[in-house]
Amino acid sequence: MRTLDSTTSLRIAVQKSGRLTDKTINLLEGIGLEFDDYKRSLLVKCQNFDVELLLIRDDDIPEYVNDGVCDLGFVGANVVAEDGVDVTILRGLNYGVCRLSIAVPKEGDIKSVTDLNNKRIATSYPNITRNYLKGKGVESEIITLSGSVEIAPRLEIADAITDLVSTGGTLKANGLVEIEEMFQSETQLVQTKKPLSKGKQQLVKKILQRIEGYQLAAKSRYIMMNAPQESVPEIKNIIPSLKSPTVMPLADNGMVAIHTVIPLATFWDVMEQLKDAGATGIVMLPIESMIT
Ligand code: PRT
Ligand code: ZN
């Protein structure tokens, strides 16, 4: 049976121009989707899959996905939570990582959330802020601003702010300090709750599997080394390998080459231990993608 959307491409919402744009396009290209110049047009066709990208402001993405105008969207968890839309979160993506925090003037009287009772708080995230304060039993006046929230205390239009923080540099430059983290955010891949055709469902499944492989590869490294044959049992113990390592004899008597994949986070520890165990010529290579 044909469903309504069976003749359309899988439409994915991506931020047109901002912090998430390049990383999202890199991810999509990294999993094998090819696009024409995405900077010039609003709707970009994928050359090798039945997919199209809709490039829009990040604030519009949750609503477009909620309405089914787009089937999928790449957007910050902060924007999804603020909009309060009912979409399916398929996966967190480890980029665009930040926190939504309450910050106050460094030299002021406000030291904790409870000091915010009857104070004015400027924010671009009124819903998350209101709900958070409600949960703490604090009543404040929320002043909604669409940008440059960090200057509101200096302009004396607010006593405190809530804003996204990544390095903390902006707060510091404006004489503000964080007193409370309300929400942790990262980019998410979200899906509409409107029904999708079989074809689109299969495509979503494929995209998700590839993203999983791509993320796993980003966290892993392929390592190669030479070692005396008798060191192999010790080396096998050191390597927290996904699967057992490949061990190949070398022309040199009693020497072997060992190839395996390790989590990037363990690389330096593992390398030092391998050296102590007799390994030489240790080489580490990035991996583009992997399927386990
Ligand atoms: O035009 P459009 O509406 O699409 O873009 P935008 O200006 O609303 O969003 P953009 O591109 O700035 O951010 C997109 C998404 O990136 C956000 O919704 C978050 O999910 C994520 N993100 C991650 C951030 C930050 N880190 C971040 N640091 N978004 C904004 N900031 C801002 C913050 O508001 C503050 O002004 O950066 C400043 C603080 O940074 P630090 O490093 O000084 O702490
Ligand atoms: Zn925005």
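How much space lies in the largest pocket? About 1,100 Å³, in what is a predicted model.

## The largest pocket

A pocket here is an open set of points on a 1 Å grid over the protein atoms alone, where a 1.4 Å probe fits and protein lies on both sides within 12 Å along at least five of seven lines; lining residues have an atom within 4 Å of a point. The volume is the space filled by probe spheres set on the points, which are joined across faces, edges and corners. There are 35 lining residues, and Arg-19, Asn-78, Tyr-125, Asp-163 and Leu-164 sit closest to the centre.

As for make-up, the lining splits into 11 nonpolar, 15 polar (Gly counts here) and 9 charged (Asp, Glu, Lys and Arg) residues. α3 gives the most, with 4 residues; helices are DSSP runs of H or I, at least four residues long, and strands are E runs of at least two.

## Ile-239

Ile-239 sits in the loop between α7 (232-238) and β13 (246-249). Its C-alpha is 8.7 Å from that of Val-261, 22 residues along the chain.

## Ground rules

Residues are numbered from 1 along each chain as its sequence is written, while chains are lettered from A and ligands numbered from 1 in written order. Local features need pLDDT of at least 70, side-chain atom pairs count only at pLDDT 80 or more, totals for chains, interfaces and linings use all residues, and side-chain values use heavy atoms, leaving out hydrogens and water.
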